[in-house]
Amino acid sequence: METFMEQLPIVVDSLNVGFLQTLKLFFVTLIGALPLGLIISFGTRSKIAPIRIILKLFIWVIRGTPLMIQLLIIYYFPGLVWKNPIWGGGEIGRFTAASVAFIINYACYFSEIFRGGIISIPVGQDEAGLVLGMTGRQIFFKVKLLQMIKRILPPISNEILTLVKDTSLARIIALQEIIWAGQAFMKGSQGISGAIWPLFFTAVYYLVCNGLLTLLLGGIEKKLEYFR
Amino acid sequence: MSILEVEHISKYFGKTEVLKDICFTLEENQVLSIIGSSGSGKTTLLRCLNFLERPDSGLIRVAGNVVYDSDMMKNMSESVIRKNRLHFGLVFQSFNLFPQYTAIENVMLARQLQAKKEPDYKKNKAAINEGIRKEAEDLLNRMGLSERMNNYPHQLSGGQCQRVAIARALALKPDILCFDEPTSALDPELTGEVLKVIKGLAEQKMTMIIVTHEMSFARDVSDQVIFMDDGYVLEYGTPDEVFGNPKMERTRQFLGNYN
């Protein structure tokens, strides 16, 4: 049995690798889900009824079922049902499948936040833009978007902090994120077994990461305080 | 030729007819006030002129050109409506300034967006933007807001906001400037400063349509007055005719509330 001081660098190295995967999944989800959420939110306000209804049903299903089930279905369905494992077997395949599941899931939550943001802007802003000869696109991007961002920042921040922690769900399809890396030392890995303290270390990674994000998001909120 | 001709405008909200066969004309450089109780259709009429509502029937001409015809409305593209809309400016009761822009940015925004679509914009970008800024500064100076140009709307009083909104509407050089109860959200002191600005515009021969509850102001500043009730134009004449010698009992009853 090695001493704690000898184990520490081994564990930290391993957790760092896991956390990199966690961060990758986090950023890929954010970059994919924010614009997709905006598109879905436009769709749910479409003039074409079928688009509206299909999207509402889709949001209902995605928000009404656990992300863990969605991960399992998206990862295993193609291989087991179509006999065509489109994701491939390796870590890259698992990461791609996890990214798809996370982007779809978070886009649905984001879309509802965006929708709330859009409808909370007084209709007078649209009308003022219209009588000044602006196009709908100009009114959205030049007048409403920033007001909307200001209003939805608190709920979006909530979702972003939750996302950091939710990435650990990808462990269910054996994505080697930080909890997977920490848990390995319980079962036995690199000469260390039966150790629970690496799991406590993973919690510190989450805490620090979310602490930094809280500061960043709070800073953006502050920056937008110049108008009301 | 009249600058504005409104012929047989009617408008339904659901099954309720809120405008009933409205006809009037307005000469260039004149001021028309529209008075009447709440729900009489004044604001809806103004919103029809600015295409925020589409009349169900009727015709609108500006300087002899048809800008709205209920019969051909279906074929009118958004860009045509946008172009026709620019004959009119509209100042709202609740100002509707853009909160994230300063006073001068509010005034410049629409002009800048227009300028970007002009073919030689890229070449003369600096000069064009300088011109737009200069015009906006002049307008805000005229509104007595030279000290307030770089303030955000939430840093301004209601009266100052409304004057910024007037400058913003004037920046697009509309043929006819419309006011929808411009002082109804203001206390009496602030009302005075806004009315003074509107009066100043009347003296500079701006063509205006003003929906208002300020009767003495309407009598003082207008060349023509319309009294509306229940979607009808009940009186249409000079201030002396409408205020001094109203034809209808309903008008006398309404004006009686203000004495």
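**Where the chains meet**

Guide: The contact draws 24 residues from chain B and 19 residues from chain A. Please note that this is a predicted model.

Visitor: How much area do chain B and chain A bury between them?
Guide: Together they bury about 2,100 Å², and 64% of that lies on carbon and sulfur atoms.

Visitor: And how many salt bridges cross the interface?
Guide: The rule finds 1 salt bridge between chain B and chain A. B:Arg47 pairs with A:Glu127 in a salt bridge whose closest N and O atoms are 2.7 Å apart.

Visitor: What about B:Arg85, where does it lie?
Guide: B:Arg85 belongs to helix H2 of chain B, which covers residues 78-85. This arginine is buried but has no salt bridge.

Visitor: Which side chain of opposite charge is nearest to B:Arg85?
Guide: That is B:Glu78, at 5.3 Å. A salt bridge requires the nitrogen and oxygen to be within 4 Å.

Visitor: What is B:Arg85 in contact with, then?
Guide: Apart from neighbours within four places in sequence, B:Arg85 touches A:Leu130 and A:Val131 in chain A. In chain B, its contacts are B:Asn50, B:Phe51, B:Leu52 and B:Arg54.

Visitor: Changing topic: which residues form the nonpolar patch on the surface?
Guide: Among them are A:Met68, A:Tyr76, A:Trp82 and A:Ile172, and the patch has about 1,000 Å² of accessible area together.

Visitor: Where is A:Ile172 placed?
Guide: A:Ile172 sits in the loop between helix H6 (136-166) and helix H7 (178-187) of chain A. Its relative accessible area is 35%, so A:Ile172 counts as partly exposed.

How values were computed:
Residues are numbered from 1 along each chain as its sequence is written. Chains are lettered from A and ligands numbered from 1 in the order in which they are written. This is a predicted model: local features need pLDDT of at least 70, side-chain atom pairs count only at pLDDT 80 or more; totals for chains, interfaces and linings use all residues. Side-chain values use heavy atoms; hydrogens and water are left out. Patches are made of residues with over 30% relative accessible area and no salt bridge: like charges are joined within 9 Å, nonpolar side chains (Val, Leu, Ile, Met, Phe, Trp, Tyr) within 5 Å. Accessible areas come from the Shrake-Rupley method with a 1.4 Å probe; for residues, only the protein chains shown count as cover. Helices (H or I, at least four residues) and strands (E, at least two) are DSSP runs, numbered from the N terminus. Buried means under 20% relative accessible area, exposed over 50%, partly exposed in between (1.4 Å probe, protein chains only). Lys and Arg count as positive and Asp and Glu as negative; His and the chain ends are not counted. Contact means heavy atoms within 4.5 Å. Buried area is the accessible area (1.4 Å probe) that two parts lose on being put together, summed over both.
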